[in-house]
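Please open the structure in your viewer and keep the selection tool at hand. The tour below moves from one selection to the next and says what is found at each stop.

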Amino acid sequence: VIRTNLDFSSVDEELTSFLVSSASPGEGKSTTAANLAIVIAQTGKKVVLIDADLRRPVQHKIFNLSNNMGLTTSILDNQTPVTIHLQETKINNLQLLTSGPIPPNPAELLNSQRMTDVIKEFEDAVDVIIFDTPPVLTVADASIIGPKVNGALLVIHTGKTRRDSFVNGVERLSRTG
């Protein structure tokens, strides 16, 4: 249903890169990002799921893959193509860029020119890029990545997410463009 809604929300401009976040921790954003990446890949599109949560990454656990290399190593290594840092999943058309080693300065890495270059390289190589980011109200990472992609999906946990938290999350993402 989410995949279909995203298709209809981007009639004028194809949605090729977007982030998945939530207002607060524990609302299901990482599970949603993984499942959405799978269903988009099943349509035949080449998808890269990027674990951009450089504080508490989980995508490598969901897909049962190593986290020795990933987004941090691709940002720090400007000598090799970013696709070298990708890992294959068991799903056709879906590759994962895990977070890689957790850095001491996640926001600085994500806000770097090299991060913009990494995104551009992936845009040239695949059909859809999905970023699993930390919750928007806990750290600035989703707000940093937001202007670099052409969409955002904010996940809520029905009965748990407070309305004011959701509204604040939407406002924070909106302010960054």
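How many of the residues of strand E2 (residues 47–51) are buried? Five of its five residues are buried, so this strand is mostly covered, where buried means under 20% relative accessible area, exposed means over 50% and partly exposed lies in between (1.4 Å probe, protein chains only). Before going further, note that this is a predicted model, in which local features need pLDDT of at least 70 and side-chain atom pairs count only at pLDDT 80 or more, while totals for chains, interfaces and linings use all residues. Residues are numbered from 1 along each chain as its sequence is written, and side-chain values use heavy atoms, with hydrogens and water left out.

**The sheet around E2**

Keep E2 selected and look at its side chains: Val47, Leu49 and Asp51 point one way, whereas Val48 and Ile50 point the other way. In a regular strand the side chains alternate between the two faces of the sheet.

Now extend the selection to the open sheet, whose six strands follow the order E3-E4-E2-E5-E1-E6 with mixed pairing. The edge strands are E3 and strand E6 (152–155), each of which pairs on one side only. Helices (H or I, at least four residues) and strands (E, at least two) are DSSP runs numbered from the N terminus, and two strands pair if DSSP finds at least two bridges between them.

On one side of E2, select E4, which runs parallel to E2 and is joined to it by four bridges; here Leu49 stands opposite Leu96, and the bridge partner of Ile50 is Leu97. Then select strand E5 (residues 128–132), which pairs with E2 in the parallel sense over five bridges, and find Asp51 opposite Asp132. Further along, strand E1 (residues 17–22) and E6 pair in the parallel sense over four bridges, with Ala152 of E6 as the bridge partner of Leu19.

**The hairpin**

Return to E4, where Leu94 and Leu96 point one way and Gln95 and Leu97 the other, and all are buried. E3 and E4 run antiparallel and are joined by two bridges, with Gln95 in E4 as the bridge partner of Glu88. These two strands form a hairpin with five residues between them, and in the turn Asn93 has a positive phi of about 70°. Asn93 counts as partly exposed, at 35% relative accessibility.

Most residues other than glycine have a negative phi. Asn64 also deserves a selection, with a positive phi near 55°; this residue is found in the loop between helix H3 (59–62) and helix H4 (71–76) and counts as exposed at 70% relative accessibility.

**Ser30 in helix H2**

Which residues outside its sequence neighbourhood is Ser30 in contact with? Select Ser30 in helix H2 (residues 29–41): leaving aside its neighbours within four places in sequence, Ser30 is in contact (heavy atoms within 4.5 Å) with Val58, Gln59, Ile62 and Asp132. Ser30 is buried, with a relative accessible area of 13%.

**A patch on the surface**

For the last stop, select Ile156, Phe166 and Val170, which make a nonpolar surface patch of about 220 Å². Accessible areas come from the Shrake-Rupley method with a 1.4 Å probe. Val170 lies in helix H8 (residues 163–175) and is partly exposed, with a relative accessible area of 34%.

Conventions: Patches are made of residues with over 30% relative accessible area and no salt bridge: like charges are joined within 9 Å, nonpolar side chains (Val, Leu, Ile, Met, Phe, Trp, Tyr) within 5 Å. A salt bridge is a side-chain nitrogen of Lys or Arg within 4 Å of a carboxyl oxygen of Asp or Glu.
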